Every structure is written in structure tokens, then in C-alpha cells.
Amino acid sequence: QNNVYINGEIRAKGRYPNEPFSLLSQNPSMVQMTSQQALPHIYNDGAEVGLRNNNWIWDVSRIYAQSGTAINSTLNIYPAKTYTPSSEHFFIQNSRKVLDLAYEWAYDSTTQLFAAYSIDTPIVKVSIFDTLVNCHNVNSLTFDGICFEGGNMITFSADTNRYFSVK
């Protein structure tokens, strides 16, 4: 998962509804779920559905079809035998059509289009690497006067090094 910074702050993907969650009108299957409320038409723009599997677990998968309040998605459940969620809550995210709060964003990996909701011209930075500097078994290495930013997980991974420094 890549981090997105807009105007220097990490920002979340846009989602619908903003809060709390939509309710299902029936138990979802591995293929289709139906909402109790109207949904924006979001099919075919990279949209994803998040379905609450447990109190602390959300399953997220891409939506591949929509008809009114019914959405079809392949839930990535392992093992993929049966699926009975413990909740009736879900949300839609990662669609340009649900962006309605300042600096929410969406990315369609098929078209490689990034969209952000903004009334100004924001500065957008997206991290693409989990680790920025990966140094192992290196001797006498100094980083001086370099600004590192944007690692998803780790800025420096440096072990078993001698005389390694960052100034």
C-alpha cells in the first residue's frame, strides 16, 4: 500500500459513505452484495468495496460490476471455501465518483489515473518504495546533506555495517 501526501500531510483514499458505513440488505456472497441505500454509479473506475469480516478485519476487493444497489466483487478470502461476514457494514473506496472531502484521492491501476479532490493546486507526493535505503555488510558509508522522504515502511535498513552514518 503506497502512502499519498497532499500538501505535506498523509491523506486517505476517498470513500462512500464518509461515515459511518453503508448497510447490507442481505448477506453477501462471494460474488454479490446489495445495499440498503442508493449507491453512486462507480463501476469500472478502479472502485473497491470494503466489507467488515470481523471487528478488526476489513476485506477489500475491486468492484467488477454494479446494477443499482447491487455490486459484484471478488472477495479475496483465504481459504476461499465459504464466506459469512460478522457484520452488515461496508463502504466503497478508491473511486473518483466518491471524492467529496478536501484531498481525498483515488487511483485506477488499470488506466493509471490518479485523482484528488481539491479546490486549489495541491502538491502531491506518492511513495512507491517500502524501504528507501537498504545497506547490509557495508563499510565506511556516510550520507551527508541528503533529505530522504516517502518510504512506505522504512527509511533506512542498515545492519552489520561498520562506520555507517547519516548527517
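1. Strands here are DSSP runs of E with at least two residues, helices are runs of H or I with at least four residues, and both are numbered from the N terminus. Val126 lies in strand β12 by this assignment. The model is predicted: local features need pLDDT of at least 70, side-chain atom pairs count only at pLDDT 80 or more, and totals for chains, interfaces and linings use all residues. Residues are numbered from 1 along each chain as its sequence is written, and side-chain values use heavy atoms, with hydrogens and water left out.

2. Overall composition. The protein has 16 strands and zero helices. Of its 167 residues, 34% count as buried (buried is under 20% relative accessible area, exposed over 50%, partly exposed in between; 1.4 Å probe, protein chains only). Taking contacts (heavy atoms within 4.5 Å) between residues at least 6 apart in sequence, 53% join residues at least 24 apart.

3. Strands are taken to pair if DSSP finds at least two bridges between them. An open sheet of three strands has the order β2-β1-β12, with antiparallel pairing. Its edge strands, β2 (9-10) and β12 (124-126), each pair on one side only. Strand β1 (residues 4-6) runs antiparallel to β2 and is joined to it by two bridges; Ile6 has Glu9 of β2 as its bridge partner.

4. Strand β8 and its partners. β8 (residues 70-73) points Ala70 and Asn72 one way and Ile71 and Ser73 the other, and all are buried. Three bridges pair β8 with strand β5 (residues 32-34) in the antiparallel sense, and Ala70 is the partner of Thr34. Four bridges pair β8 with β7, again antiparallel, and here Asn72 is the partner of Ala65. The hairpin of β7 and β8 has two residues between the strands, and Gly68 in this hairpin takes a positive phi near 65 degrees.

5. The nonpolar core. Which residues make up the largest nonpolar core? The set has eleven members: Met33, Leu39, Ile42, Ala47, Val49, Leu51, Ile63, Ile71, Phe90, Ile92 and Val98. β6 and β9 (89-93) each supply at least two residues of this core. A core is a set of buried Ala, Val, Leu, Ile, Met, Phe, Trp, Tyr and Cys residues joined through side-chain atoms within 4.5 Å.

6. Salt bridges. The criterion is a side-chain nitrogen of Lys or Arg within 4 Å of a carboxyl oxygen of Asp or Glu. Four salt bridges are counted by this rule. One of them joins Glu48 and Lys13, with 3.1 Å from N to O. Glu48 belongs to strand β6 (residues 48-54) and Lys13 to the loop between β2 and β3 (15-16), so this pair, 35 residues apart, links distant parts of the chain. Both Glu48 and Lys13 are buried.

7. Asp108 and Arg62. Another salt bridge joins Asp108 to Arg62, whose closest N and O atoms are 3.1 Å apart. Asp108 sits in strand β10 (residues 105-108) and Arg62 in strand β7 (residues 57-67), 46 residues apart. Asp108 counts as buried because its relative accessibility is 9%, whereas Arg62, at 32%, counts as partly exposed.

8. Glu149 and Lys125. In this salt bridge the closest N and O atoms are 2.6 Å apart. The pair spans 24 residues, from Lys125 in strand β12 to Glu149 in the loop between β14 (139-143) and β15 (154-159). Are these residues buried or partly exposed? Glu149 is partly exposed at 49% relative accessibility, and Lys125 is partly exposed at 42%.

9. The surface patch. Tyr107, Phe114, Val124, Val126, Ile128 and Phe129 make a nonpolar surface patch of about 530 Å². Patches take residues with over 30% relative accessible area and no salt bridge, joining like charges within 9 Å and nonpolar side chains (Val, Leu, Ile, Met, Phe, Trp, Tyr) within 5 Å. Val126 is partly exposed, with a relative accessible area of 42%.

10. Ile128. This residue lies in the loop between β12 and β13 (131-136). Ile128 counts as exposed because its relative accessible area is 57%. Leaving aside neighbours within four places in sequence, Ile128 is in contact with Asn2 and Asn152. The C-alpha atoms of Ile128 and Gly151 are separated by 7.3 Å, the two residues being 23 apart along the chain.

Conventions
Accessible areas come from the Shrake-Rupley method with a 1.4 Å probe; for residues, only the protein chains shown count as cover.
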